[in-house]
Amino acid sequence: MKEVFVLELPLQVEKYQADILDKRYEQLRQLYNYVQGKLLRQYKYFEQMKEFQNCKTLRDKKDFFRNHPFHINGILGQDKELLNITFDEYGIQGFIEKLVQKSAGSDVTYADLGLNTYIFDYLSSGVWAAWEKKLYNFRTKRISFKRHGELDSFSSRRKVARGKIYFSGMELHLERMELAIKLNGKVGKNAKFITLPILHNPKHADYEMMALKDGLDGVKVLKVVRRLVRGRYKYYLQISIEGEKPQKGRALGKGNVGIDLGPTTIAISGDNIVSIDKLASKCDNIEKEIAKLNRKIDRSRRANNPENFNEDGTIKRGIRLVWNDSNRYRALLKEKAELQRKQAAIRKQQHIDRANSLLKEGETFIVENNKISSWTARAKETKVNEKTGKIQKNKRFGKSVANHAPAMFVTILENKVKSLGGKVVKVETQNAASQYDFTNDTFTKHELKERSITLSNGDVHQRDMLAAFNLQHLKYDEDDLKQYDRDAMKRDYERFCQLEREEIERYKSKEKQDDHSTIAASEMML
């Protein structure tokens, strides 16, 4: 299977064109909810059947759905009889494709509005993704419907007929850099389109030219996406292209690089680098602003809906509540959405910049295969503090993981390294990188609060940087666990100590600069 990458380009959209696109997004959202409602009603019917209740395994469930097709009134197959629908990917896809001829109001169908089976296939993939989790993931409890404005994309895939490439419902003109979107179900001269110019950044012109060098032959899917930016929608064209992703003149270095990830920090050890730093450090201040906004939003909601809360401040349950939202409340929600958008963009850009800076440090990157979702789980056992007698919090690192996204960094690094011919090796945590002492070839457990580790020779090291050093020298090709290259570690140890001392000094000076800048900002505010 050939590689596929995505090229995203902004679209220049006039006000009337934006209204047309927004109407299409809303039509698809309503159709999505219609389908989910029909499927949910049928699923609840199945839940009452003893045969379904006796299903003990996933295979039993799949066999049950395969042997129990159902019908929805008005949905006819090719033979004009009721369509057989099953709870699987292809059954739901076939059901949604038939909705092209469903009435969309004012005596028109969805086909008359320029929507076709190719666009509906993309919609069906979202519907099935929700049901796949519901059916086969015990953690998923319910099916969610999309609120107004929550569906923000539609797409069409490539079709080849009579030696000609085209996209049903769309036309991509690369020579003019324009995207035409069909607005009706007619063909030829009677077809109606809106034409959207495709913009590009002059700084990335060479990259875009290399990505589109094969023309339409390499294009597989066209997707039109909208995003809310500073209170207004902006529109983008995402082009899925088959082939190798163009490179930007970057190259990998030589040797192994060990990476020790934490909820908020990253420690690195290579032949020419030893460092520790915070992941997505610029997101912390934004998170504080979001926390303030959340308190404002909560106060506004309580002030406008006092009848929906109990005396102890909890929301009333068991009755249907009506919420009255003030203009201030809506404005605060928009402000929060904008901050979250900025936070996500800054976090991703910082991860990309850090990954780019690491490429020159080596060709093989070794990282522990931590189940990062387990870091967010609350502690099961309730403990009492011996000194204060108070119950300790069961919270762990949920907010830290959400704000700094260590798993996203690993994914970005892995994609970049693989595209340049290198590899990212994910080793099991049983190798105990933070416990290994190469000076006497032993493993010693350390509590999480121990941030410095003393080796048997008396040397003291920062815990995360030492773990990265151990990972750098792990024999990951060995079948047995906990196999470290002690000879290489003894050879590189002196260099590691020198680079670690320099990094600690740099980190301390950086913290002092951050403290001075914070004090200066506070004085300016006063």
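This is a predicted model: local features need pLDDT of at least 70, side-chain atom pairs count only at pLDDT 80 or more; totals for chains, interfaces and linings use all residues.

**The whole chain**

Begin with the entire chain selected. Its C-alpha atoms fill a box of roughly 85 × 65 × 60 Å, taken along the principal axes. A cartoon display shows 13 helices and 17 strands. Of the 526 residues, 39% count as buried. The accessible surface comes to about 32,300 Å², and carbon and sulfur atoms contribute 48% of that surface. Among contacts with a separation of 6 or more, 64% are between residues 24 or more positions apart.

Arg 347 is buried and has no salt bridge. Which side chain of opposite charge is nearest to Arg 347? That side chain belongs to Glu 287, and it is 6.3 Å away.

Now display the backbone of Asn 403. The side chain of Arg 347 reaches the backbone oxygen of Asn 403 at 3.0 Å. Leaving aside residues up to four places away in sequence, Arg 347 touches Ala 280, Cys 283, Ala 402, Asn 403, His 404 and Ala 405.

Remain with Ala 405, one of the residues touched by Arg 347. Ala 405 lies in the loop between α10 (398-404) and α11 (406-419). Its relative accessible area is 12%, and Ala 405 is therefore buried. Although Ala 405 is not a glycine, its phi is positive, at about 45°. Most residues other than glycine have a negative phi.

A second example is found at Met 177. This residue is placed in the loop between β4 (170-173) and β5 (178-182). Met 177, likewise not a glycine, has a positive phi of about 55°.

**Salt bridges**

Side chains of opposite charge can pair when their charged atoms come close. How many salt bridges are counted? The count comes to 21.

Select Asp 63 and Arg 66, whose side chains meet in a salt bridge with an N to O distance of 2.7 Å. Both belong to helix α3 (residues 58-67), where they are separated by about one helical turn because they are 3 residues apart. Asp 63 is partly exposed, with a relative accessible area of 29%, whereas Arg 66 counts as exposed at 52%.

Proceed to Glu 447 and Lys 449. They form a salt bridge in which the closest N and O atoms are 3.7 Å apart. Glu 447 counts as partly exposed at 47% relative accessibility, and Lys 449 as exposed at 69%.

Then select Glu 503 and Arg 506, joined by a salt bridge whose closest N and O atoms are 2.5 Å apart. Their helix is α13 (residues 486-525), in which a spacing of 3 residues separates Glu 503 and Arg 506 by about one helical turn. Is Glu 503 buried or exposed? Glu 503 is buried, with a relative accessible area of 7%, while Arg 506 counts as partly exposed at 34%.

As a last stop, select Asp 22, Asp 152 and Arg 226. Salt bridges that share partners join Asp 22, Asp 152 and Arg 226 into one network.

Terms used. Residues are numbered from 1 along each chain as its sequence is written. Side-chain values use heavy atoms; hydrogens and water are left out. Buried means under 20% relative accessible area, exposed over 50%, partly exposed in between (1.4 Å probe, protein chains only). Lys and Arg count as positive and Asp and Glu as negative; His and the chain ends are not counted. A salt bridge is a side-chain nitrogen of Lys or Arg within 4 Å of a carboxyl oxygen of Asp or Glu. A polar contact is a pair of N or O atoms within 3.5 Å; within protein, one must be able to donate a hydrogen and the other to accept it, and residues adjacent in sequence count only if both atoms are side-chain atoms. Contact means heavy atoms within 4.5 Å. Helices (H or I, at least four residues) and strands (E, at least two) are DSSP runs, numbered from the N terminus. Accessible areas come from the Shrake-Rupley method with a 1.4 Å probe; for residues, only the protein chains shown count as cover.
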